[in-house]
Amino acid sequence: MSANRAVVVDPEAPGRLVVRAVAEPVPDRGEAVVRVRAISLNRGEVRRASMAVAGWRPGWDLAGEVERAAADGSGPRVGARVVGLLPEGAWAERVAVPTHTLAELPDKVTLSEAATLPVAGLTALHALAKGGSLLARRVLVTGATGGVGDFAVQLARLAGAHVTASARRADQVPALRQLGADEVVVGDEISPTPKYDLVIESVGGRTLGTALAALERGGVCVTFGVSAAAEVTFDARQFFVAGRTTLYGFYIFTELGSEPASVGLRRLADLVEAGRLAPHISLERPWGEVGQVAQQLLARRFPGKAVLTLD
Ligand SMILES: NC(=O)c1ccc[n+]([C@@H]2O[C@H](COP(=O)([O-])OP(=O)(O)OC[C@H]3O[C@@H](n4cnc5c(N)ncnc54)[C@H](OP(=O)(O)O)[C@@H]3O)[C@@H](O)[C@H]2O)c1
């Protein structure tokens, strides 16, 4: 077995990320060792890597095969194809992963497709759940062309919602309609009409500030990202006058304390297997290019997700 390697922060490298030799993982009793074959990048970890100290190991999403099953007998067997996530350090050839964050993959789901599911797919899934039953409800998804937004549009549609996608540019409209959006609104402000039962909001700034005035009575705005700006001003009267409106602060790793990641990951993977959910992989590259791909992600050079494959 060759030495383990991982993506590590190096301030001198392009994109501040390189692949380096690291220590082998030492699993706890409830952890399996996974040989990672594909990873995907998320905005949050890439942004953190752009500021982190040398040697920090980023990485949330991983897919691969179980090399050593957990000593306590939990989780998938040796050789199983799995998807999972870690709070950091997932971008390595071999990692120790708690079995409650691992799901075994159905045959037709590729490891690259699976790698897109953890943070982006679970965020979309759990954020939409804050709206309760979505059948014939009006849902607005902001940042709809991004990794989370793409899944949120598809899943909201699957749940029976009337889906409005919000995008920055008019040329993004056809792709969002094809994805399943009933309507697409363009620009960084949300009109106060029509009203929405649920807003899946990741842009922040003007978008969040104006979306709060577009909630239906009893409507919920789930805020989980600030891709444009973290500081927000809003008209409080317009927010409360509809009545019983809620602003919900969402952090995926907190949500996963209530339901293990393995549960949602299996649901998402089954939808992919059934052809009802399609991960949008815009970019697939060898992991040696992690620095360049991270830069492209931060500059928003592609929609959907980027996947890196390990040799
Ligand atoms: N709280 C949590 O648990 C959690 C979980 C997952 C993600 N997040 C956050 O949620 C946000 C969305 O995640 P993601 O993975 O979908 O990110 P992403 O793939 O980079 O997508 C960003 C989306 O925001 C849009 N956007 C609008 N204004 C933007 C601006 N000024 N700069 C950059 N993008 C802008 C982009 O539109 P264009 O396509 O036109 O560029 C795109 O649709 C990120 O901020 C991420 O950090 C938080």
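Helix 1 (43-49), helix 3 (117-129) and helix 4 (147-158) each contribute at least two residues to the shell around the ligand; helices here are DSSP runs of H or I with at least four residues, strands are runs of E with at least two, and both are numbered from the N terminus. The model is a predicted one, in which local features need pLDDT of at least 70 and side-chain atom pairs count only at pLDDT 80 or more, while totals for chains, interfaces and linings use all residues. Residue numbers start from 1 along each chain as its sequence is written.

The ligand is surrounded by 27 residues, and the closest are G143, G146, G225, I252 and R300 (a residue is near a molecule if its C-beta atom, placed from the backbone, lies within 6 Å of it). By class, this shell holds twelve nonpolar, eleven polar and four charged residues. Here Ala, Val, Leu, Ile, Met, Phe, Trp, Tyr, Cys and Pro count as nonpolar, Asp, Glu, Lys and Arg as charged, and the others, Gly among them, as polar.

Where the domains meet, eight residues of domain 1 are in contact with seven residues of domain 2, contact being C-beta atoms, placed from the backbone, within 7 Å. On the domain 1 side, the touching residues comprise two nonpolar, three polar and three charged ones.

What about the fold as a whole? The protein contains ten helices and 15 strands. Its radius of gyration is 19 Å, close to the 19 Å that the globule rule gives for 311 residues, so the protein is as compact as a globular protein of that length; the radius is taken over C-alpha atoms, and the rule is 2.2 Å times the number of residues to the power 0.38.

Inside, the largest nonpolar core has 96 residues, and V83, V139, V141, A152, V153, A156 and A269 have the most contacts within it. Such a core is a set of buried Ala, Val, Leu, Ile, Met, Phe, Trp, Tyr and Cys residues joined through C-beta atoms within 7 Å, where buried means 20 or more other C-beta atoms within 10 Å of a residue's own. Helix 3 gives the most to this core, eight residues.

Key: Contact = placed C-beta atoms within 7 Å. Buried ≥ 20, exposed ≤ 12 C-beta atoms within 10 Å, placed from the backbone.
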